[in-house]
Amino acid sequence: MWWKFIVEVTNEYKILRGMISYSALWPIGCLIQQTFEGKRLKNYDWERCLRYSLYGTFVSAPMLYCWMRCANIMWPRTDFRSSLAKAFTEQAAYDPFAIVLFFYGMSILERRSQQQAGDEVRDKFWDTYKVGFFYWPMVQTVNFSLVKPKNQIVVAGFFSLIWTTFLAYVKTSKKQTPELTAAM
């Protein structure tokens, strides 16, 4: 009964598919990253998981949903060439904005100052973007060419779990300055 209701609502309001998926996938990515840090159930940072859930649900999923809709309007065909165009346009236009918003937005959710949020963006943007430049075009080319548009946000969400785990790692990592690296 509940499942039927969820299916009906998400068919009517398609943006909810991504929001529901991301409300779980983003904190799971955070938990995976914390597990790699050596944390376990008794010492997970649940507030951090809540921030990831809020960000994934109310920022990332709606933003990705809008991008997917725009991409499917600009390139309605699902052939390989159109899918490649969507993927590389996403990499050039959407991903830089999404990465900046992630680091800045998560820093603000951590109650850090705007200056600290900006510093984190400057410190971590390019390294993160370079990894995404290889990861996302491959994922999205397959997604756009093989998956029905109504399910693309959910499929992207599962690949986003890997990406979110990576983002959580980068978010918690301290970038070493060249002086510190040379001293080691």
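This is a predicted model: local features need pLDDT of at least 70, side-chain atom pairs count only at pLDDT 80 or more; totals for chains, interfaces and linings use all residues.
Q: Where does helix α4 bend?
A: Helix α4, residues 80–109, bends by about 45° at Tyr94, and Pro96 follows within four residues. The bend is the angle between axes fitted to the seven residues ending at a residue and the seven starting there. Helices are DSSP runs of H or I of at least four residues, strands are runs of E of at least two, and both are numbered from the N terminus.

Q: What comes just after α4?
A: Arg111 takes a positive phi of about 65° there.

Q: Which residues lie nearest the centre of the largest cavity?
A: Ser60, Tyr94, Ala98, Trp136 and Trp163 do, out of 18 lining residues. Elements giving two or more residues to this lining are α2 (15–37), α3, α4, α5 and α6. The largest share, six residues, comes from α4.

Q: How many cavities of 30 Å³ or more are there, and what is the volume of the largest?
A: The search of the whole structure finds one, and the largest cavity has a volume of about 220 Å³. On a 1 Å grid over the protein atoms alone, a cavity is a set of points where a 1.4 Å probe fits but cannot get out; a pocket is an open set with protein on both sides within 12 Å along at least five of seven lines; lining residues have an atom within 4 Å of a point. Points are joined across faces, edges and corners, and a volume is the space filled by probe spheres set on them.

Q: How does the cavity lining divide by residue type?
A: It divides into 13 nonpolar, three polar and two charged residues. Ala, Val, Leu, Ile, Met, Phe, Trp, Tyr, Cys and Pro count as nonpolar, Asp, Glu, Lys and Arg as charged, and the others, Gly among them, as polar.

Q: What about the largest pocket, and which residues are closest to its centre?
A: About 270 Å³ of space lies in the largest pocket. Of its 15 lining residues, Arg112, Glu120, Lys124, Lys171 and Lys174 are closest to the centre. Its lining holds one nonpolar, two polar and 12 charged residues, and α5 provides the largest share, four residues.

Q: Changing topic, how many disulfides does the structure hold?
A: It holds zero, a disulfide being a pair of cysteine sulfur atoms within 2.5 Å. Cys30 is in none, and the nearest cysteine sulfur, that of Cys49, is 3.9 Å away.

Q: Is Cys30 buried or exposed?
A: Cys30 counts as buried because its relative accessibility is 0%. Cys66, at 43%, counts as partly exposed. Buried means under 20% relative accessible area, exposed over 50%, and partly exposed in between, with a 1.4 Å probe and protein chains only.

Q: Where is Thr128 placed?
A: Thr128 is in helix α5 and is buried, with a relative accessible area of 0%. Its C-alpha atom is separated by 7.7 Å from that of Leu167, 39 residues apart along the chain.

Methods
Residues are numbered from 1 along each chain as its sequence is written. Side-chain values use heavy atoms; hydrogens and water are left out.
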